[in-house]
Amino acid sequence: MIKLANNKVAPLTPACLICQESLPDTLTLRQVLSWSKIDQPLFCQSCLEGFCKIQGPTCGQCGREMAEEDQEHWSDGVCRDCQRWRHFHQWTFRHQASYHYNESFKQWLVVLKGQGDIRGRFLFKRDLQSVYRKHSDAVWVPMPSSSSKLTNKGFNQTALLLDAANIPYVDMLEMKPTTTKQVYKSRLDRLKDRDKIQVKADSGVELMDKQKNILLFDDVYTTGTTMFSAYKALRNEGFSHIGGFSLAR
Ligand SMILES: [Zn+2]
Ligand SMILES: [Zn+2]
């Protein structure tokens, strides 16, 4: 019996974590005869085929794939959203991502974050390890959980993904505690929410080499607001070489 983080019990017959279709028994004779531990597949072939890698030209700031019809709105190899970031917030940044934030990716996040079924955390292990090989000199910093629901479950999914890929990291960021509910907030308060991330008090940041490259890691980059907040918090501590990587964009 497999117990999930939310105290639910996983079905006994192996089923795809995303679509719940039962998974075929695909043990080869060699696997049966070997004594090594066999990893049960957790996703069906058709769900796996739904994940889509980012290919082709991408925005030089956020890593978005450049669609042909958008090309006229890009300038300096940067998409329109990032031109705004640069203009209004003087935020020049370098972020990359591996996959499109499509329906399959969303479904995988729902299983991991919404349902708390962390068995799927190894899905992108190889992708992460290959990025790590290129950026092993950087200090990897997982983005803190933005969902209070998740905090209640007691794990931060970005750190969990790095753990699953054996990537060392410094868990030095946290969400600022919120006091007022979103609906009661004034416009000014909501704007201040852009500064929703802070460096942990006990992170030992004062002892760190500020010349080191920092790589902010997140599962998905959407508007950039969260990563901008983390970027600012680290800039305020004196770091100047900060980049970002997310599994999906
Ligand atoms: Zn499936
Ligand atoms: Zn962009």
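Against which elements do the buried residues of α4 pack? They pack against α2 (45-49), β1, α7 and β6, where a contact requires C-beta atoms, placed from the backbone, within 7 Å.

This is a predicted model, in which local features need pLDDT of at least 70 and side-chain atom pairs count only at pLDDT 80 or more, while totals for chains, interfaces and linings use all residues. Residues are numbered from 1 along each chain as its sequence is written, and chains are lettered from A and ligands numbered from 1 in the order in which they are written.

## Overall composition

The protein chain has nine helices and six strands. Helices (H or I, at least four residues) and strands (E, at least two) are DSSP runs, numbered from the N terminus. Of the 249 residues in the chain, 28% are buried. A residue is called buried if 20 or more other C-beta atoms lie within 10 Å of its own, exposed if 12 or fewer, and partly exposed in between, with C-beta atoms placed from the backbone. Among contacts between residues at least 6 apart in sequence, 72% join residues at least 24 apart.

## The sheet

Four strands form an open sheet in the order β1-β6-β5-β2, with parallel pairing. The edge strands are β1 (95-99) and β2, each of which pairs on one side only. Neighbouring strands of this sheet are turned by 25° against each other on average, direction ignored; the axes are lines fitted to C-alpha atoms, for helices over the stretch in contact, and angles run from 0 to 180 degrees between N-to-C directions.

Two strands count as paired if DSSP finds at least two bridges between them. Strand β5 (residues 214-220) pairs with β2 in the parallel sense over four bridges, and Pro-142 stands opposite Phe-217 in β5. Six bridges join β5 to strand β6 (residues 242-248), and these two strands run parallel. Here Leu-215 has Gly-243 of β6 as its bridge partner.

In a regular strand the side chains alternate between the two faces of the sheet. In β2 (residues 139-142), Val-139 and Val-141 point one way, Trp-140 and Pro-142 point the other way, and all are buried.

## The nonpolar core

A nonpolar core is a set of buried Ala, Val, Leu, Ile, Met, Phe, Trp, Tyr and Cys residues joined through C-beta atoms within 7 Å. The largest one has 48 residues, of which Val-141, Ile-214, Leu-215, Leu-216, Phe-217 and Ala-230 touch the most other members. At least two residues of this core come from each of α3 (80-89), α4 (103-114), α5, β2, α7 (157-164), β5, α9 (225-236) and β6. The largest share, five residues, comes from α9. Not counting residues up to four places away in sequence, Ile-214 touches Ala-138, Val-139, Val-141, Leu-234, Phe-239, His-241 and Ile-242.

In α4 the buried residues are Ser-104, Phe-105, Trp-108, Val-111 and Leu-112. They lie on the same side of α4 because they cover an arc of only 120° around the axis, the arc being that of the directions from the helix axis to the C-beta atoms. Just after α4, Gly-116 takes a positive phi of about 70°.

In α7, Gln-157, Thr-158, Leu-161 and Leu-162 are buried. Their arc around the axis is only 145°, so they are on the same side of α7.

## Selected residues

His-95 lies in strand β1. His-95 counts as buried because it has 24 C-beta neighbours inside 10 Å. Leaving aside neighbours within four places in sequence, His-95 is in contact with residues including Gln-61, Cys-62, Gly-63, Tyr-221 and Met-227. The C-alpha atoms of His-95 and Gly-63 are separated by 5.6 Å, although the two residues are 32 residues apart along the chain.

Gln-129 lies in helix α5 (residues 125-134). Gln-129 is partly exposed because 13 other C-beta atoms lie within 10 Å. The C-alpha atoms of Gln-129 and Leu-162, 33 residues apart along the chain, are separated by 9.0 Å.

Gln-90 has a positive phi although it is not a glycine, and Asn-166 likewise has a positive phi in a residue other than glycine. Their values and places are tabulated below.

Notes: Contact = placed C-beta atoms within 7 Å.
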